[in-house]
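Please read this briefing alongside the sequence and the 3D view. It covers confidence, secondary structure, surface and aromatic rings.

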Amino acid sequence: MTLRRGLMALAGLAVWALPRPALACAVCFGQSDSPMAWGVNMGIFLMLGVTGSVLAAFAAFFVYLMRRAQSAAVGDAPVRAGRYAVSATAAQEGTAQC
């Protein structure tokens, strides 16, 4: 228990000893129109774009799965028999195809 208290005290002292600029971002501490602030903003926008793209692709995949499941439940999905696509009603097992 004393080791844990010692580590907590050391972490608190390390945070307190940091210089003030290390605790602020480029936008908050420095000039808001500096190239560094512009770069930080563009990095944030890029990360938001990537996150939005991944979420949109994830949602589109589930929409695709729902549509495919509905299509299979209705029986509209073509069944592959060799090279040729055959409708689900024509490709029944055990019946002669004349």
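A residue is called buried when its relative accessible area is under 20%, exposed when the area is over 50%, and partly exposed in between, with a 1.4 Å probe and protein chains only. By that definition Phe-58 is exposed, at a relative accessible area of 52%. The model is a predicted one, in which local features need pLDDT of at least 70, side-chain atom pairs count only at pLDDT 80 or more, and totals for chains, interfaces and linings use all residues. Residues are numbered from 1 along each chain as its sequence is written, and side-chain values use heavy atoms, leaving out hydrogens and water.

**Confidence**

- The predictor's confidence in each residue is given as pLDDT, from 0 to 100.
- The protein has a mean pLDDT of 76, and 61% of its residues reach 70 or more.
- Among the elements, the highest mean pLDDT is that of α3 (91), and the lowest is that of strand β2, residues 84-86 (54).
- Where pLDDT is low, the predicted coordinates should not be read in detail.

**Secondary structure**

- Three helices and two strands make up the secondary structure; these are DSSP runs numbered from the N terminus, with helices being H or I of at least four residues and strands E of at least two.
- Their order from the N terminus is α-α-α-β-β.
- Helix α1 covers residues 2-17, and its end C-alpha atoms lie 22 Å apart, in agreement with the 22 Å that its 16 residues should span at 1.5 Å a residue.
- That expected span is 1.5 Å times one less than the number of residues.

**Surface**

- Of the 98 residues in the protein, 3% are buried.
- None of the 16 residues of α1 is buried, so this helix lies largely in the open.
- The accessible surface is about 8900 Å², and carbon and sulfur atoms account for 68% of it; areas come from the Shrake-Rupley method with a 1.4 Å probe, and for residues only the protein chains shown count as cover.

**Aromatic rings**

- Rings of Phe, Tyr and Trp (its six-membered ring) pair if their centres lie within 6.5 Å; planes under 30 degrees apart count as stacked, over 60 as edge-to-face and the rest as tilted.
- The structure holds two aromatic pairs.
- Phe-62 is partly exposed at 41% relative accessibility, and Phe-61 is partly exposed at 44%.
- Phe-58, Phe-61 and Phe-62 form one aromatic cluster.
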